[in-house]
Amino acid sequence: MPPPIFEPPTAEQMQAHLSAHALRAPSRWLGFLPLMLGLGVLTMLFFADLGAAALLLWAPLLGLMIYANARAYRLQQLQQRTLRIQELVLLCDYPQSLQLAWRTLPSLATSAALHHQAVACTAQCLTSLRQPGAAIVAYDYLLDRLPLDEPVAYELRAHRAMAQLATDRLTDADQAIRQLRHAHDRFKGATLAAWRRMAQLFQQVRTHHDADAVAESDTLLDELRPLGVEAGYGYGLLAYCYHRSAQHDEDQPRASVQARVWWSRAALLLSPQTLAYRYPELEAMSDWPLDPRIEKS
Amino acid sequence: MTRDADATHRESNDTAPSDAAPTPVCPPFDPRALARRLAIDGAVHWGLLILVVMIIALGRFMTGPTAIVGDSLVVGVIVGWIWLSSVGARAAQQLPIIARAVEIDPAVADTQLAAAMRRPALPRSVRLMLYAHLAGLRHHQDRSAESAAICQAVLSRMNRPMLLGGRLGRGSVNVHMRVQLLLLLAESQLNLNNLAGAHLAIAQLHQTPRTLVQTMQMTALQTQYEVSAGYFQLALNHIEQKIRLAEAMPWPQCGAMHVMLAAAAHQAKRPDLADWLSRRAKLLCTADQLKTFSMRLVGVESCPAEG
């Protein structure tokens, strides 16, 4: 019988999974255990007159060392699994990464750093697999637990805003993007500022503010550059804005040319299929012929 | 010196704290100092362990008042051991702080490293980690020769079999440190234009288990080595895999990889590939970065789109 295929979770399933395996503090007694054992052995050594049998008193200490080693080994195993989850995300193997993160999360309930990393990877995978509702649940969970001023928190808010736009929660997204604008100067030139710019561009696409997107296009290359090849999504979205404005604009030929220029830039960094999968709006341009001369113009 | 200038000089001397001690920094690296410190650390730790075993063994023959003396000695040695462990633990706790300072503020990192290294009887692994961070610091300070020397010294110590038949490089933390040192060594050797040294370090990296990020760093260094050494066809082997890895790198490294591969493709007479890589590089890098990355490839004719 073939193994059951892992389907990305819905928002409700994600909520239930996170509630069932939420972060919890490790037992306080566990921290005191080595100290209590050590003190117990020392006290007995002082007061008991057992001769050669005194050596047996070292047995609990030996047991403690074995226990500590086993715990360290277990933690190391969990670190390795979390690292594997992150590596799969880096290699864009989102289904595999999501599956591993989903299954590993219950074991990470007492390790805050690893738990947060696994949930962050889960959110990223869900976004990439077009499950924005479930991704919002994961982003909310993380943002409730991270300090507001952390740069990571700003980046997560930008990602959540994009997921909100994808689920037509336009008011929430608008509020989030406005708040992120204040942090823009602080993180100018960094990945965070680039994600905020991407969120703004996606907002302009969703709300049909094509003219605004076109007017701000001069700086887009520099602003999205920190995203590496993922900047291609932004170039694709701008191409779509030009493409739509070409249908109403007076300067139609120029807008058409610009749409093709930006689309060829996007397709240079990411395949048209990848672009259209993430943003279905871009499907309209996915069969455009790609000519390097257009891009150079 | 004019009177005014003289007065200004005197004034500045008055306001400046004349007795302020200069901030201590790590002295230039000396392999003999590292060997001496490791020998002292080892002697203290092993000495204490032997003392504990001896006291326990002799304790069996102690009776009456001498037994109390024996027990007190055991407690004393254990307290000493705990004190040593706490010194080591405090130094180990400092390691991530130092690692961060190396990236953000090298001057502060230099001071922190100097203070941490002065501590007596550190565990061997902590001492070696401190030196590994020193190698990283010197690399950041563009002191590639010193960085390479530290990497080589620490790596040779890590390879040395320890007592009880153990080897330091077995645990995953030590494997991680070994890979980081080899990456640093390869980069330092490339900066020094010592291609043979870089080749040796990269060859050792291939034999060591690595994380994906470390594999990316290795691939970037190997490509730089291959392009600098004129092995253009070799640089283009498994090009799809290399581009996939490059795409997962942070953007400056991703751009640098594209520039290097474009130069290799240009030299290997593959104009279409060179053009595609150059166009991507122009999107991924700023004009200044393109210039810097091309300058690294001294003696290699730059790719067409770049010029």
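Phe29(B) is buried, with a relative accessible area of 15%. Buried means under 20%, so Phe29(B) falls inside the cut-off. Tyr131(B) is buried too, at 5%. These values come from a predicted model.

The two residues pair up. Phe29(B) and Tyr131(B) form an edge-to-face aromatic pair, with 6.0 Å from centre to centre and 70° between the planes. The pair links distant parts of the chain. Phe29(B) sits in the loop between helix H1 (3–15) and helix H2 (31–59) of chain B. Tyr131(B) belongs to helix H5 (residues 124–140) of chain B.

## Rings in chain A

How many aromatic pairs does the structure hold over all chains? The count is five. One of them joins Tyr233(A) and Tyr279(A). Their ring centres are 5.7 Å apart and their planes meet at 70°, so the pair is edge-to-face. Planes over 60 degrees apart get that label.

This pair also links distant parts of its chain. Tyr233(A) is in helix H12 (residues 231–246) of chain A. Tyr279(A) is in the loop between helix H14 (272–278) and helix H15 (292–296) of chain A. They lie 46 residues apart. Buried or exposed? Both Tyr233(A) and Tyr279(A) are buried. With Phe202(A), they form one aromatic cluster.

## Charges over rings

The charged end of Arg130(A) sits over the ring of Tyr277(A), 4.5 Å from its centre. Arg145(A) lies over the face of Tyr141(A), at 3.7 Å from the ring centre.

## Chain A as a whole

Chain A has 15 helices and zero strands. Of its 297 residues, 43% count as buried. Take the contacts in chain A between residues at least 6 apart in sequence: 65% of them join residues at least 24 apart. Chain A exposes about 15700 Å². Carbon and sulfur atoms supply 57% of that area.

## How confident is the predictor?

The complex gets an ipTM of 0.84 and a pTM of 0.81 from the predictor. Chain B averages a pLDDT of 82, and 82% of the residues score at least 70.

Over residues 1–18 of chain B, pLDDT stays under 50. The model has one contact beyond four places in sequence for this stretch. Residues 161–171 of chain B also have a pLDDT below 50. That stretch has 17 contacts in the model beyond near neighbours in sequence.

Conventions:
Residues are numbered from 1 along each chain as its sequence is written. Chains are lettered from A and ligands numbered from 1 in the order in which they are written. This is a predicted model: local features need pLDDT of at least 70, side-chain atom pairs count only at pLDDT 80 or more; totals for chains, interfaces and linings use all residues. Side-chain values use heavy atoms; hydrogens and water are left out. Rings of Phe, Tyr and Trp (its six-membered ring) pair if their centres lie within 6.5 Å; planes under 30 degrees apart count as stacked, over 60 as edge-to-face and the rest as tilted. Helices (H or I, at least four residues) and strands (E, at least two) are DSSP runs, numbered from the N terminus. Buried means under 20% relative accessible area, exposed over 50%, partly exposed in between (1.4 Å probe, protein chains only). A charge sits over a ring if NZ of Lys or CZ of Arg is within 6 Å of the ring centre and within 35 degrees of the ring normal. pLDDT is the predictor's confidence in each residue, from 0 to 100. Contact means heavy atoms within 4.5 Å. Accessible areas come from the Shrake-Rupley method with a 1.4 Å probe; for residues, only the protein chains shown count as cover.
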